[in-house]
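User: Hi, I'm new to this one. Could you walk me through it?
Analyst: Happy to, let's bring it up.

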Amino acid sequence: MTLIDSNIIIYAAKPEYSHLRLYIAQNAPAVSAVSYVEVLGYPMLTDEERRHFETFFASATILPISDTVLNQAVRLRQLRKMRLGDALTAGTALAYGLTLVTRNTKDFDWVEHLQLMNPFEL
């Protein structure tokens, strides 16, 4: 099973990235609560984009920020400077034993035991 990063959710909404929509439809990946906040919290979304993302999240499996996720994120930030959202996303993937699907693999490639997949390189 996989966890899709916010950037994949955003790219999948664009017409030119139909392969990402197909991947999501075929694999039903989970999403982090962080992605919910990052995507829907973006202040410059149009009403149409907001409706699209709200529909997506309504049908997605959103994984909560549990104590295990928090502990993983703290451990990662103690090891290396890392943005809070990235630490929580990586912590979610580690806590649930999921492969993180992201275009930004360089942000995470140093994290031990974190499996990564970039769907743009398939």
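**The largest pocket**

Analyst: The lining of the largest pocket has 7 nonpolar, 3 polar and 4 charged residues. Here Ala, Val, Leu, Ile, Met, Phe, Trp, Tyr, Cys and Pro count as nonpolar, Asp, Glu, Lys and Arg as charged, and the others, Gly among them, as polar. Keep in mind that this is a predicted model: local features need pLDDT of at least 70, side-chain atom pairs count only at pLDDT 80 or more, and totals for chains, interfaces and linings use all residues. Residues are numbered from 1 along each chain as its sequence is written, and side-chain values use heavy atoms, with hydrogens and water left out.

User: How much space lies in the largest pocket?
Analyst: About 340 Å³. A pocket is an open set of points on a 1 Å grid over the protein atoms alone, where a 1.4 Å probe fits, with protein on both sides within 12 Å along at least five of seven lines; lining residues have an atom within 4 Å of a point. The volume is the space filled by probe spheres set on the points, which are joined across faces, edges and corners.

User: Which residues are closest to its centre?
Analyst: Of the 14 lining residues, those are Ile10, Ala13, Leu45, Glu49 and Phe53.

User: And which elements give two or more residues to the lining?
Analyst: Helix H1 (6-12), helix H3 (33-40) and helix H4 (47-59). H4 gives the most, with 4 residues. Helices (H or I, at least four residues) and strands (E, at least two) are DSSP runs, numbered from the N terminus.

User: New topic: which residues make the nonpolar surface patch?
Analyst: Tyr36, Val37 and Ile62 make a patch of about 260 Å². Ile62 is found in strand S3 (residues 61-63).

User: Is Ile62 buried, exposed or partly exposed?
Analyst: Ile62 counts as partly exposed because its relative accessibility is 33%. Buried means under 20% relative accessible area, exposed over 50%, and partly exposed in between (1.4 Å probe, protein chains only).

User: What about Ile4, buried or exposed?
Analyst: Ile4 is buried, with a relative accessible area of 0%. Ile4 is found in strand S1 (residues 2-4).

User: Where is Ala28 found?
Analyst: In the loop between helix H2 (18-27) and strand S2 (30-32). Phi of Ala28 is near 40 degrees, a positive value in a residue other than glycine. At 52% relative accessibility, Ala28 counts as exposed.

User: And what is phi for His113?
Analyst: About 75 degrees, which is positive although His113 is not a glycine. His113 lies in the loop between strand S4 (99-101) and strand S5 (116-117).

Technical notes. Patch = residues over 30% accessible without salt bridge, like charges linked within 9 Å, V, L, I, M, F, W, Y side chains within 5 Å. Areas by Shrake-Rupley, 256 points an atom, 1.4 Å probe, with all protein chains shown as cover. Salt bridge = Lys/Arg side-chain N within 4 Å of Asp/Glu carboxyl O.
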